Amino acid sequence: MEPEIHRINHISLNKSKTEFCLSYNNGLKTYNLENFTQKNSSNNFEVKLEGISFSQYLSKDDIIIFVGTKLNKYYSNNKVVFFDIVNKKEILTKSFDEEITNMRFVDNYLLISFEKELKIFLYENNDLISKYDMNLSGQKSKLFEAWVTKEENNVGEVIHKSSTLYVAYAQKNEINIKVLSCEDEFTVSKIQDINTPVNEIQNLFYIKKLNQIFICDENAIYIYGFDVDTGKVELCLRRGSNPGFITSMTLLNNNFLAINNKNRTIHIFDLDIKNNAFSFSNIVYSMVYGIQEIYPCLRIYFKDLVKQNEGQFFNIDFKEKGAVLVSEDEGNELKIIAYNGYAYKIQVDLKNYKYEVLDKVCYSEDKSDTLKETLKSGSLLNSNIFNKQK
C-alpha cells in the first residue's frame, strides 16, 4: 500500500515557534513543536488538497496560507489559499496570472513573489487589499525576508500607532532593503543598497534580535551579517572549505548562531570574536574589512543523528532541503525538523561545546517497512511516486 506522505515539500513555523506545518503531496499537517506529535490535518476536507508546494501561518495559528503545485487540479501554483485547518474550511482564495515563487506573512501583511515582481497585500476582514508592488530583476526573486516594527507616539492627548515594514531581497551580489511606512497608503521612507563581498548570494536570513540580515556566498563558505540600519558588515562566519548550501539559521542563547548546511552538518558559531582562534586570515580581514572571521565552535553531524536506514524513504527531500532549525533566543535547546521525516530535540552545552540528543521522533511515520514491501512488489516503480508532483 502506497503511504500517504511520499514527498515532504515544505516545513514552516508559526510565529510563536510552538507548531510547524508540513506541506506534502496530499495536503497539510500541523505538529506540536514540543513533542513533535500531530495536531491537525487537512484530511476530511470536502476535496483532497493534493500537492502543496509551501505554506505560511497566519498570526492566528489555525489558519494556514498555502500554494499548491503546478499539477494540482484544484489548487495550482498561481493561487494563494487561506485555509482553516481545524474546521476544514477554505476562507479565501486569490489567483494570479503567473507562478508564485515564495511568500511571507508578517503582522497582517502578505508578501508574494513572482519571477520579476513582489506584491504586498494587507489581509483585512478576510480579504486581500493590494498595497504596494515592487519590480525585481535577476534569478533570485524568491530570496527575500520581511519584518515589521511598531511605534507609539503621543500627539497631544492622542496615542498614534505606526507600523514600518522592512523588505530585504537579493539581487545577484547585492542586498536591497526597502523601508515602507504602513499608513493608509504605503510610502518608501528609506532604501538601503548593500554591496556584499560575494559573487552571488546563495541565501539570506533575518535575525531579529541582532537586527542583522545574513547572506551566504554561492558556495556557503562565508556567511556575512549586515546591520539593517547602517548596511555595515558586522559578522563574518567561515563555515568550511567544501561547498555547501545553507537552508536554515537560528539564534541560540543570545550570542550563538546555529546554521544548517543541507543534510550534512549543523554549525554553531560563538559570535564573540574574543572566543575565536587567532589566524592569519583574521589579520587580512581586519585590514581589508575591519572585521575578523569567526569559526564554528561546535559541529553536529547528521550522520551521527540518522541511524541505519532512518528516513531512507524521504532521501530525495532530505538531500534537496536538509532541515529547519528552531530555538528560543535565550535558551540552550535546539530543535531540528529534518526533511527525512524525523525531528530531534538537542540540548547544547555551550561552555564545553558538547550536545545531547534529548528526543527523537519520526513525525511522518517510519516508512522503512513500507519501502521494503513496495520495492519488493515493484509498485514503487510502477506508481513512479518519486517523479510525481512535489
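Asn254 sits in the loop that runs between strand 21 (246-252) and strand 22 (256-261); strands here are DSSP runs (E, at least two residues), numbered from the N terminus. Keep in mind that this is a predicted model, where local features need pLDDT of at least 70, side-chain atom pairs count only at pLDDT 80 or more, and totals for chains, interfaces and linings use all residues. Residues are numbered from 1 along each chain as its sequence is written, and side-chain values use heavy atoms, with hydrogens and water left out.

**Loop asparagines**

- Asn254 has a positive phi, near 70 degrees, even though this residue is not a glycine.
- With 31% relative accessibility, Asn254 comes out as partly exposed (buried is under 20% relative accessible area, exposed is over 50%, and partly exposed is in between, using a 1.4 Å probe and protein chains only).
- Asn126 is another non-glycine with a positive phi, this one about 55 degrees.
- You'll find Asn126 in the loop between strand 11 (117-124) and strand 12 (127-135), and its relative accessible area of 47% makes it partly exposed.

**Nonpolar cores**

- The largest nonpolar core holds 23 residues, and those with the most contacts inside it include Trp147, Ile175, Tyr224 and Phe226.
- Strands that each supply at least two residues of this core include strand 14 (158-171), strand 15 (174-182) and strand 20 (233-238).
- There's also a second, separate core of 22 residues, with Ile266, Ile268, Leu298 and Ile346 among them.
- To count as a nonpolar core, a set must be buried Ala, Val, Leu, Ile, Met, Phe, Trp, Tyr and Cys residues joined through side-chain atoms within 4.5 Å.
- As a rule, nonpolar side chains in soluble globular proteins tend to be buried together.

**Val167**

- Val167 belongs to strand 14 and is buried, at 0% relative accessibility.
- Leaving out residues up to four places away in sequence, Val167 touches a set that includes Leu111, Leu118, Met134, Glu145 and Ile177 (contact means heavy atoms within 4.5 Å).
- Val167 and Leu118 are 49 residues apart in sequence, yet their C-alpha atoms are 9.9 Å apart in space.

**Ser55**

- Ser55 is part of strand 5 (residues 52-57), and a relative accessible area of 1% makes it buried.
- The side chains of Ser55 and Ser23 are joined by a polar contact of 3.2 Å. That term means a pair of N or O atoms within 3.5 Å; within protein, one must be able to donate a hydrogen and the other to accept it, and residues adjacent in sequence count only if both atoms are side-chain atoms.
- Among the residues touching Ser55, not counting those up to four places away in sequence, are His10, Cys21, Ser23, Phe66 and Met103.

Notes:
Helix = DSSP H or I, 4+ residues; strand = E, 2+ residues; numbered from the N terminus.
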